[in-house]
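The sequence and structure are shown first, and the description follows.

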Amino acid sequence: MAEQQKDNQSLRDLALALFQVGVDAANPAHGLARAFEKHPLLPLETGRYLIIALGKAANAMAETCLKALPDGTPFEALVVTNYENAKAIDGASCFATGHPVPDANGLAAGQAIIALLEGATAKDQVIVLISGGGSALVPAPIDGISLEDKIAVNKLLLANGYAIHEMNLVRQTLSQLKGGGLSQLAHPAKVQSYILSDVVGDDLSTIASGPTSPPLGTAKDAMALFADKGLLDALPGAVRTALETKASSEQDSPPADLSNSSNSLIGSNAISLEAILEALPMGWRGLILDDLLEGDVEEVAPMLRDAVAEAPNGHKTAYIWGGETTVTLKGDGKGGRNQELAARFALAAEAEPITGCWVFLSGGTDGRDGPTDSAGGLVDPDSLARMRDADTDPAALLANNDSYKALQASSDHIEIGATGTNVADIQICLIDRS
């Protein structure tokens, strides 16, 4: 038993180290600096640089951008990030706002961005620095929609298992800034965006709800998402009215003009997964099984268990995934998709045991999983026993979506603090059958 625990701890240490490699590979300052080295920012004849940084990596991206500005060039800078990452930045107006649920500070940030863009001229250059979380952090509701309405819609989306592109389609439809709205407000100024991707497949229209990219769909599409799950009547009245009004007028509206915008991708989940693969110690074989991992964690967990069950004998194998799963809330517990995926993997591995020594990690690269202080979970064959020894029932806790309490009981939380970046989630399963 002591030897088994020693082997488990060795694998746990390696999994945590590899996860940190993935987080480090998504360093937004390094990615943006490389972009500026290839295409330096040039002096403007008479205009200003208008810099808008949105998302969990906004601070590092803004600081890097300000250092890259040509000497003496006039500029204005707005930085919007989550409370955990917030800090003062010389030369910038900084907003700390709510995530994943928008708040009044986010509304004020959205109004400040709109005011800045309304003063833009053809002589100005708008630089937009986008990272994950930007959508919830900057609510800018269309006329007739209140912040409370937006919060209610956001909670409805989060509680019903919608994929990120579905959530962002709805957010775009109800926003002045999302779905290309920022670029349209900036006319006639040119807009250059630098984007750190936190979404599966790196769809630029989905990252932070695509403030400088075309919308993901129409108001009619947004209504269909709610209708398909029988949730139209759960919408606030003002929201349903706004969607119905927009849907009725869409066929007569021209497509959004985003000809003033250019977008550059500077970091992604796929880059982080490759970095993990390259960092494996000698003697380990690694496979990236999926960099587009999606789906409800209740279904994904046994699928991942089955994927690693046939690990080759005589080898040490690392299986790696990346993406963004979802959770359908059925209870009132506390947790997040990574914590619940890790705990459910442990249950799946108990129901159909995996031979050899193994650990499984699921973590968010932003360092925060759901509304908790945990980045995710790291489980091993003894995790469920530790939960039960602490007088907790893991199956009952997960039925109540209380993965935080389950992993707390087994000391399986990943706690790395806010990372200042966000390229979605990373899953790592290490199996030693040597």
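Helix α4 (residues 104-118) lies across β1 (49-54), β2 (75-82), β3 and β4, and runs at about 145° to β3. Contact here means heavy atoms within 4.5 Å. Axes are lines fitted to C-alpha atoms, for helices over the stretch in contact, and angles between N-to-C directions run from 0 to 180 degrees. Helices (H or I, at least four residues) and strands (E, at least two) are DSSP runs, numbered from the N terminus.

The model is predicted: local features need pLDDT of at least 70 and side-chain atom pairs count only at pLDDT 80 or more, while totals for chains, interfaces and linings use all residues. Residues are numbered from 1 along each chain as its sequence is written, and side-chain values use heavy atoms, with hydrogens and water left out.

**The parallel sheet**

The strands under α4 belong to an open sheet of six strands in the order β3-β2-β1-β4-β5-β6, with parallel pairing. Two strands pair if DSSP finds at least two bridges between them. At the edges stand β3 (93-97) and β6 (261-267), each of which pairs on one side only. On average, neighbouring strands of this sheet are turned by 15° against each other, direction ignored.

Within the sheet, strand β4 (residues 125-130) and strand β5 (residues 190-196) are joined in the parallel sense by six bridges. The bridge partner of isoleucine 127 in β5 is glutamine 192.

**The mixed sheet**

A further open sheet of six strands has the order β7-β8-β12-β9-β10-β11, and its pairing is mixed. Both β7 and β11 (413-414) are edge strands with a single partner strand, so one side of each is left without a neighbour in the sheet. Helix α11 (residues 269-278) packs on this sheet and touches β7, β8 and β12 (425-432); the direction of α11 makes about 170° with that of β7.

Strand β7 (residues 284-293) and strand β8 (residues 316-323) run parallel and are joined by seven bridges. Isoleucine 288 stands opposite isoleucine 320 in β8. Together with helix α12 (residues 297-308), β7 and β8 make a right-handed β-α-β unit; a crossover is right-handed if, with the strands pointing away from the viewer, the path from the first strand over the helix to the second runs clockwise. Helix α12 lies across β7, β8, β9 (357-364) and β12, and runs at about 150° to β8.

**Helix pairs**

| Helix pair | Axis separation | Angle |
|---|---|---|
| α2 (residues 28-38) and α3 (residues 58-68) | within 8 Å | roughly 30° |
| α6 (residues 147-159) and α7 (residues 164-173) | 10 Å | about 165° |
| α9 (residues 219-228) and α10 (residues 237-249) | 8 Å | about 135° |

Angles under 35 degrees count as roughly parallel, over 145 as roughly antiparallel, 65 to 115 as roughly perpendicular and the rest as oblique. Helices α2 and α3 are therefore roughly parallel to each other, and α2 passes α3 in a right-handed crossing. A crossing is right-handed if the near helix is turned clockwise from the far one by less than a right angle, and left-handed if anticlockwise. In this contact, Pro28, Ala29, Leu32, Ala33 and Phe36 of α2 meet Ala60, Met61, Thr64, Cys65 and Ala68 of α3. By class, the residues are nine nonpolar, one polar and none charged; Ala, Val, Leu, Ile, Met, Phe, Trp, Tyr, Cys and Pro count as nonpolar, Asp, Glu, Lys and Arg as charged, and the others, Gly among them, as polar.

For the second pair, with axes at about 165°, the angle makes α6 roughly antiparallel to α7. The crossing of α6 and α7 is also right-handed. Lys150, Val153, Asn154, Leu157 and Leu158 in α6 meet Met167, Val170 and Arg171 in α7, a contact of five nonpolar, one polar and two charged residues.

Ala219, Lys220, Ala222, Met223 and Phe226 of α9 meet Leu243, Glu244, Lys246 and Ala247 of α10. These residues divide into six nonpolar, no polar and three charged.

**Backbone features in loops**

Most residues other than glycine have a negative phi, and most peptide bonds are trans. The peptide bond from histidine 99 to proline 100 is cis, with omega near 10°, and proline 100 is found in the loop between β3 and α4. The bond from histidine 187 to proline 188 is likewise cis, with omega near 5°; proline 188 lies in the loop between α8 (181-186) and β5. Aspartate 391, although not a glycine, has a positive phi of about 60°, and its place is in the loop between α14 (383-389) and α15 (394-399).
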